[in-house]
Amino acid sequence: MEMPAPDSAVLSRKPRIVARLQEVLGKTGVIHDEAETRAYECDALTAYKCPPLAVVLPSSTAEVAAIMKVCHQEGVPVVPRGSGTSLAGGALPTADSVILGVSRLTRVLEIDYDNRFIRVQSGRTNLSVTGAVEEEDFFYAPDPSSQLACAIAGNVAMNSGGAHCLKYGVTTNNLMGVTMVTMDGQVLEIGGAHLDAAGYDLLGVICGSEGQLGVVTEATLRILRKPEGARPVLMGFDSNEVAGACVSDIIKAGVLPVAIEFMDRPCIEATEAFAKAGYPMCEALLIVEVEGSDAEIDEQLGVIMQIARRHNPVELREAQSEDEAKRIWLGRKSAFGAMGQINDYMCLDGTIPVSALPEVLRRIAEMSDEYGLKVANVFHAGDGNMHPLILFDANKPGDLELCEAFGADILKLCVEVGGCLTGEHGVGIEKRDLMTTQFEPQDLEIQMKVKDVFDPGWLLNPAKVFPLAASEARRKRRLAA
Amino acid sequence: MLTPTSEAELSAAIASADGPLRILGGGTRPIGRPVTGQALSLGALSGVELYEPGALTIVVKAGTPLAEVEALLAKENQRLPFEPMDHRTLLGTEGEPTIGGVVAANVSGPRRIQAGACRDSLIGVRFVDGSGTILKNGGRVMKNVTGYDLVKLMAGSWGTLGVLTEVAFKVLPETETQANVLIDGLSPHQAVEAMSTALGSPFEITGAAHLPGDSPLTMLRLEGFAASVAYRTERLSALLAPFGSVRADSDAASVRAAWRDLRDVAAFSGAPGDVWRISVKPSDAPDIAALAGGRAMFDWGGGLIWVLAPEATDLRARLGAFAGHATLVRASEETRARIAPFQPAAAPIAALSEGLRRQFDPRGILNPGLMAA
């Protein structure tokens, strides 16, 4: 992965830059020793590493603003970092950059059950947002798999999704407002406890902008009352096509499950060996979950099971107890861990129209033979967000490159059938150079023009999202300045 | 009037325009500062591009009448989740609202509190910017974080950033039936409290409104399968019993009519005066409404206040600084020229918005000034 050459002028001014950052944060808030900055050299995309110039760990919005002013004056790129769980390299440093970590910004600022929102500092983890309101039976809906670790800051940056977004939407649908610090150190309040924008929907653009428009330090999030109950049903089918048709029929029937998860045979085999959830050995498995009171769940599952039966399932299992429900989810939730046990893997997250599912799975299988690399598929079937896991051997020379080429082909296929490169992980550096398969040059240009407005010097989270060739003129302009 | 019949023609028309353009969908929502310029109608860019009921997605050209889209969805027992308001009732306009107009104005109705705004269901756009360049963002799949989300930016930008040519939505199943749980005689403060209690319950309220007046009425809507609606009606009625005498309306047709009237602010139709729309934190609503004076109606559990005010009154001067925003929806052209229809933003936000407008429309020819402070 090509990264732009670091700005030698910035590198040479490291002592002065560090001293100025320490003036703001004191010595404990600035990490600059080369052995220690290494802890921040990558995120969850571990194939790419580069220690930053320094790391700053501010404890307030005011400190973030002061840091941004210093970096702006010194012309130092800033890479915002939540918990570093990005699978796309969204928080990969450059050698001339300052990592701005929000890990000390974890406070709950306000909980308002009457108006159904919570305001938190952005370093708070996704799951601990729900944790803060659970005693009143409320929850924060977006639930990315990394929710135990991932920070709201990163969720906002990547517009994170989760398994339950068919019903509850993704981050952007649950985000009501942010406090954001711009590259030049201005503190902006956008949105709040009221709904919708007065003018242009800046909040909508900021969410999902991968930390390239500003550093979000606080967020107002919608919280919801928990449903009375939830129950999953497990279905096994002897072909991907039939499972895909079943998904489509369930959706058309007017039931809106909170989740429809899909696993194919390689994934079932791997997770079964690892988690022993008692899954049937078949070609395709669906987990469909609905919510409500017991009677409501019975009614919805009645409709769903009737549809499933029409598709001759090899297995149809409704959870009869809390324990059985947990077992049904166990395999799915340990799918990534299971794959990690047997192999190195690369996880993609392209989205496809649900109707294209059988064709896409067939073609992935063909490509798998051509590349000689195995693929396991697990994904959110209700919304078409795929997660093909390509298995490779990191110790085998050339295998990573082969895997990346295969991954790129799968993502191109997603675009070809009418989908997109990434449904919830973000572009980062991982899919940066594939952006031209989905977008015409002018479509990328208008996005870069949006960045020009927020960050004219192109200092925030450099070398992400846009192909380097596309952003070259702007990056050169910065260096010239 | 310019009436391009294709995206390419629209692009050429904008590229060669030598003055301001006034963008028209169905012309049913004359909101914002009056715009002078050559009329540009999207009426000829109409039709469904793609509809996949099994994938809950639809893609239509921007000039397609909203009624056509809704009828098509209804055939498959689906609907637009956000329940767009029909402004003709309130504004006394004629013509056919278009789907592009709905998006340009980010029009949402009572279900917004549960299903999100228009912008939340919008998953893709194609548009032509102020220099005539054809652009796209988002797509036809409901989970997509590829690149910046300009879909949200285009929703509610009232044609000032680009002229929409195609819009894609996530749709939802139509529900089997609906019912209202009603409480009579509450004050606005009591009503907001009751609505907050309902919205904080697990019973999935899809509408929460309060109509003050001589016989105040608080309405809470439940939708879904019949047995489920019956169950939740009973549970919700019990939950709200402490607020007063609770009754239920299970006649789906009458419930539907009540929410259509609420959605379209029918109560203020034909009544003399200007109409303002105020978005606030629900618990602030009773006090804000009292400050505003005039007649008020509460939707979104209190989060949305409709106010019928004396003509040519600057309501914002009465409200002072408050958390939220007020939009002047119905007023004469003279009033809309004098009082900013859209809430003026704080200086740094206004600067960013103006910066964006210049990037998308460098010549300032698309509905110029419509959203100006």
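This is a predicted model: local features need pLDDT of at least 70, side-chain atom pairs count only at pLDDT 80 or more; totals for chains, interfaces and linings use all residues.
## The domains of chain B

## A five-stranded sheet in chain B

Chain B also has an open sheet of 5 strands, with antiparallel pairing and the order 3-4-8-6-7. At its edges are strand 3 (48-52) and strand 7 (134-138) of chain B, each of which pairs on one side only. On average, and with direction ignored, neighbouring strands of this sheet are turned by 10° against each other.

Now look at one pair inside that order. Strand 4 (residues 57-61) and strand 8 (residues 163-170) of chain B run antiparallel and are joined by 5 bridges. To find your way around strand 8 of chain B, look for Val167(B), which stands opposite Val60(B).

## Where the two chains meet

The contact between the chains draws 75 residues from chain A and 68 residues from chain B. On the side of chain B that touches chain A, helix 14 (residues 347-360) of chain B gives the largest share, with 7 residues. By class, that side of chain B consists of 30 nonpolar, 26 polar and 12 charged residues.

## The domains of chain A

Turning to chain A, the domain assignment gives domain 1 (8-101), domain 2 (230-336) and domain 3 (343-427). The C-alpha centres of domain 2 of chain A and domain 3 of chain A lie 22 Å apart. Their contact involves 19 residues from domain 2 of chain A and 15 residues from domain 3 of chain A.

Which elements give two or more residues to the domain 2 side? They are helix 10 (240-252), strand 13 (259-264), helix 11 (265-275) and helix 14 (335-342) of chain A. The side of domain 2 of chain A that touches domain 3 of chain A has 13 nonpolar, 3 polar and 3 charged residues.

## A seven-stranded sheet in chain A

Chain A has an open sheet of 7 strands, in the order 15-12-14-13-17-18-16 and with antiparallel pairing. Strand 15 (315-318) and strand 16 (344-347) of chain A each have a single partner strand, so one side of each is left without a neighbour in the sheet. From one strand to the next, the twist averages 15°.

Within this sheet, strand 12 (residues 230-237) and strand 14 (residues 284-291) of chain A run antiparallel, joined by 8 bridges. One of the residues to look for is Val233(A), whose bridge partner in strand 14 of chain A is Val288(A).

Helix 11 of chain A lies across strand 13, strand 14 and strand 17 (375-380) of chain A, and runs at about 95° to strand 17 of chain A. Helix 13 (residues 322-333) of chain A packs on the sheet and touches strand 12, strand 13 and strand 14 of chain A. The direction of helix 13 of chain A makes about 60° with that of strand 12 of chain A.

## Two helix pairs in chain A

The axes of helix 10 and helix 15 (residues 357-371) of chain A come within 9 Å and cross at roughly 150°. These helices of chain A are therefore roughly antiparallel to each other, and helix 10 of chain A passes helix 15 of chain A in a right-handed crossing. Asn240(A), Glu241(A) and Gly244(A) of helix 10 of chain A make the contact with Leu357(A), Pro358(A) and Leu361(A) of helix 15 of chain A. These contact residues divide into 3 nonpolar, 2 polar and 1 charged.

A second pair is formed by helix 2 (residues 14-25) and helix 4 (residues 61-74) of chain A, whose axes come within 9 Å and cross at roughly 160°. That angle makes helix 2 of chain A roughly antiparallel to helix 4 of chain A, and their crossing is right-handed. From helix 2 of chain A, Ile17(A), Arg20(A), Leu21(A), Val24(A) and Leu25(A) meet Glu63(A), Ala66(A), Ile67(A), Val70(A) and Glu74(A) of helix 4 of chain A. This contact of helix 2 with helix 4 of chain A has 7 nonpolar, no polar and 3 charged residues.

How values were computed:
Residues are numbered from 1 along each chain as its sequence is written. Chains are lettered from A and ligands numbered from 1 in the order in which they are written. Two residues are in contact if their C-beta atoms, placed from the backbone, lie within 7 Å. Helices (H or I, at least four residues) and strands (E, at least two) are DSSP runs, numbered from the N terminus. Ala, Val, Leu, Ile, Met, Phe, Trp, Tyr, Cys and Pro count as nonpolar, Asp, Glu, Lys and Arg as charged, and the others, Gly among them, as polar. Domain bounds come from an automatic or database domain assignment. Axes are lines fitted to C-alpha atoms, for helices over the stretch in contact, and angles run from 0 to 180 degrees between N-to-C directions. Angles under 35 degrees count as roughly parallel, over 145 as roughly antiparallel, 65 to 115 as roughly perpendicular and the rest as oblique. A crossing is left-handed if the near helix is turned anticlockwise from the far one by less than a right angle, and right-handed if clockwise. Two strands pair if DSSP finds at least two bridges between them.
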